[in-house]
Amino acid sequence: MNKKHEIMDVKTEIMIVDDDQAFLKMLKLRLDMEGYKCHGYLDVTSAWDNLRLYTPDLIIVDLSLPDANGIVWAGSLRKHTPDLPIIIVTALKSTIEAPDPRFDRIHSKPLDWEDFMDDIKTLTIENINSRPLLNENFISSNSKGGQDQ
């Protein structure tokens, strides 16, 4: 098992939202091979529905989707999860640049894989390291033989 991007045997989860099925499949496969757990969706509606089931460590979203603009959706996400890292990908010539309050990075297709992976690693490590640790009282009260108090 590739533990390159795992913490305590839990893989870093990435949500990918892109309506280009070939790109989505390729990206998911490459990130899976890098040791990430990826979930792919073809539209924002499906992605929103699945955000109710789990919280990814990073979201990669296409700029142009059939049911939403990726940057507008990223802005909506920021209102609910301000610390969740978001990368925008686009095949369009864009004058949009990071930093932008709605997302962390923007990459043009075709991707510069090394640069893209550097951003993924940096953003997921920062996200995982910024999560609050369990409260000391919680830890001490639940370390007594595993019994409920």
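**Figure 1. Helices and strands of the chain.** The secondary structure comes to five helices and nine strands. Helices (H or I, at least four residues) and strands (E, at least two) are DSSP runs, numbered from the N terminus. From that end, the elements run β-β-β-α-β-α-β-β-β-α-β-β-α-α. Of the 149 residues, 40% count as buried. Buried means under 20% relative accessible area, exposed over 50%, and partly exposed in between (1.4 Å probe, protein chains only). This is a predicted model: local features need pLDDT of at least 70, side-chain atom pairs count only at pLDDT 80 or more, and totals for chains, interfaces and linings use all residues. Residues are numbered from 1 along each chain as its sequence is written, and side-chain values use heavy atoms, with hydrogens and water left out.

**Figure 2. Strand 5 and its two partners.** Strand 5 spans residues 58-62, and five of its five residues are buried. In a regular strand the side chains alternate between the two faces of the sheet. Here L58, I60 and D62 lie on one side. I59 and V61 lie on the other. Both faces are covered. Two strands pair if DSSP finds at least two bridges between them. Strand 3 (residues 13-17) runs parallel to strand 5, joined by four bridges. In this pairing, I16 stands opposite I60. Strand 8 (residues 86-90) also pairs with strand 5 in the parallel sense, over four bridges. There, the bridge partner of I60 is I87.

Figure 3. Five of the five residues of strand 8 are buried. I86, I88 and T90 point one way, while I87 and V89 point the other way. Strand 9 (residues 105-108) is joined to strand 8 by four bridges, and the two run parallel.

**Figure 4. A salt bridge between D62 and K109.** Side chains of opposite charge can pair when their charged atoms come close. A salt bridge is a side-chain nitrogen of Lys or Arg within 4 Å of a carboxyl oxygen of Asp or Glu. The closest N and O atoms of D62 and K109 are 3.6 Å apart. This pair links distant parts of the chain, 47 residues apart: D62 is in strand 5, and K109 is in the loop between strand 9 and helix 4. D62 is buried, with a relative accessible area of 7%. K109 is buried too, at 18%. D18 joins D62 and K109 in a network of salt bridges.

**Figure 5. Two further salt bridges.** The structure holds seven salt bridges, including one between K28 and D32. Their closest N and O atoms are 3.1 Å apart. K28 and D32 are four residues apart in helix 1 (residues 21-33), so about one helical turn separates them. K28 is partly exposed, with a relative accessible area of 29%. D32 is partly exposed at 30%. R102 forms a salt bridge with D100, the closest N and O atoms being 2.8 Å apart. R102 is partly exposed, at 34% relative accessible area, whereas D100 counts as buried, at 15%.
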